[in-house]
Amino acid sequence: AKDLGLISAMTIGIGTMIGAGIFVLPGVAANAAGPVVVVSFVVGGLVAMINALSVSELGTAMPKAGGGYYYINKSLGPMFGSIAGMGDWMGLAFASAFYCIGFGQYLAVFVGLPSLTFLNPIQVGALIAGALFVGINYIGAKETGGIQTVIVTLLLSILAVFAVAGFFSFDYATLVSEGGLAPYGANAILPGTALVFVSFLGYAKIATVAEELQNPGRNLPIAIIGSVAIVTVIYAILVTTMLGVIPWPELSQDAPVAQAARVAFPASIGPLTGVAGIAAAVMTVGALLATASSANASILASARINFAMGRDKIVTDWLNEIHPRYATPYRSILTTGGLIVVFIALLGQDIEVLSKAASVLHLIVYALMNVGLIVFREADVPEYDPDFTVPLYPFTPIVGAVSSLGLVVFMDAIEIALSAAFVVVAVAWYFLYAKKHTEARGVLSDFVRNREDQLPDQVIDAAASVEPDQPGHRVMVPLANPNTERDLIK
């Protein structure tokens, strides 16, 4: 159902990005890089913006469920589609589990949650959040988009009040009090960017629900590019504010905004006392809203990727079943929910692995998306007719691909190894299952086959070895009207 409007689409992106970037990561990142971590957030925003331009072009050309997976599968073929689909799907499941754990951390502050067997109270709260938002997505995208709009509106209002209070409490001397702006040197900027990039995963999620978006040719690029721009500015302002209120070595790694609120707000305003404590409590509520919206939007997007893979027979077509009442891919949503529960249970006590694994897998997908855009352009595919085109082609997608893979280099060895393992598993899955079932042949494969006399034999053989086993087919329709037959055949 095409029932997501521009505001709902933009809040899916903002809601996914704003949570970890403000309420979880500033303390961790500041301790790793110092005040220059603000530059890390801005660099992350620039990398995200370059990729957002490419995602906008691809999305307006092909407004289909699945987003990055769909574009890569269509351009580079089903083997790379398997890598992208598994990577994006697993990356979003990791991210959803990470956001649910964040929700559980703050929920445990308000409610005395019990421990269950090997699960701590935070994991119990995370499982409650996961079940809640899987249920919401099961009911429908319209309900999901409406909830996102409410959550993000409240969240931005809370953060705006905090920014105003922080402005009046900001002290540049506090910002540079412990070793200046870059105590670890400028070399800490890019590792800091790699750490905080999980904060910028939301923009591409808008493209995964493009099939349910009203007027995608106009609304999709506005929502994607606008959400990245808004969130980057918010990060820069609020992280600078926090580091100008509390010295960076003292900034909490668990609840930095609540801690900064206690300092930024006065103890009393006239007869009203306890203002700082009230502000800290409101910020904690904001953290609940932020992590909830991030989890909600990620579950919405991840189920659509799974659904799109099932439609292309990369995974079993059983996942394609649409609910007769809610018109949602309910089996895909439940499958994704099951993965999230497993990740919460097994990895919920080490959220850094969850967050970085999500980033690495997404960065690989972003790099492949940029390569796919170049393939579409160079192959001159007639049906590739985007309403939005990236500026400075081919410079923009090349920079997007290189910068995405470049950030992976600054991840820890465990996350790089984990991403490599997922790529190997995805390729093995393609040759063991998908190659025998899918019929999709990428634009790159057709481009190579049509130029057999111009390309080396090794290239031709390599392209043939990864093509699906199922024969492709073409349908010619006889037409009687000479005034329309040319356009219809084209």
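Predicted model: local features only at pLDDT ≥ 70, side-chain atom pairs only at ≥ 80, totals over all residues.
## The nonpolar core

The largest nonpolar core holds 150 residues. Six of its members touch the most others: Ile18, Phe23, Phe197, Tyr203, Leu243 and Phe265. Helix α5, which spans residues 78–110, gives the most to this core. Its share is 18 residues.

Look at Phe197 in particular.

## Two helices side by side

Now take helix α3 (residues 37–61) and helix α11 (residues 216–245). Their axes come within 9 Å. They cross at roughly 175°. Angles over 145 degrees count as roughly antiparallel, so α3 and α11 are roughly antiparallel to each other.

What kinds of residues make up the contact of α3 with α11? The contact has 20 nonpolar residues, seven polar and no charged.

The model has five salt bridges. One of them joins Arg377 and Glu57, with the closest N and O atoms 3.0 Å apart. Arg377 lies in helix α15 (residues 351–379) and Glu57 in helix α3, so the pair ties together parts that are 320 residues apart in sequence.

Are these two partners buried or exposed? Glu57 has 0% relative accessibility, so Glu57 counts as buried. Arg377 has a relative accessible area of 27%, so Arg377 is partly exposed.

## A salt-bridge network

Arg441 forms a salt bridge with Glu467. Their closest N and O atoms are 2.8 Å apart. This pair links distant parts of the chain, 26 residues apart. Arg441 sits in the loop between α17 (413–437) and α18 (443–449). Glu467 sits in the loop between α19 (457–465) and α20 (485–489). The cut-off for buried is under 20% relative accessible area. Glu467, at 12%, therefore counts as buried, while Arg441, at 24%, is partly exposed.

Arg449 and Asp446 meet in another salt bridge, at 2.6 Å from N to O. Both lie in helix α18. They are three residues apart, about one turn of the helix. Arg449 is partly exposed, with a relative accessible area of 35%. Asp446 is partly exposed too, at 28%. Salt bridges that share partners join Arg441, Asp446, Arg449 and Glu467 into one network.

Technical notes:
Residues numbered from 1 in each chain as written. Heavy atoms only, no water. Core = buried A, V, L, I, M, F, W, Y, C linked by side-chain atoms within 4.5 Å. Buried < 20%, exposed > 50% of the residue type's maximum accessible area, 1.4 Å probe, protein only. Helix = DSSP H or I, 4+ residues; strand = E, 2+ residues; numbered from the N terminus. Axes fitted to C-alpha atoms, helices over the stretch in contact; angles between N-to-C directions. Parallel < 35°, antiparallel > 145°, perpendicular 65-115°, else oblique. Nonpolar A, V, L, I, M, F, W, Y, C, P; charged D, E, K, R; others polar. Salt bridge = Lys/Arg side-chain N within 4 Å of Asp/Glu carboxyl O.
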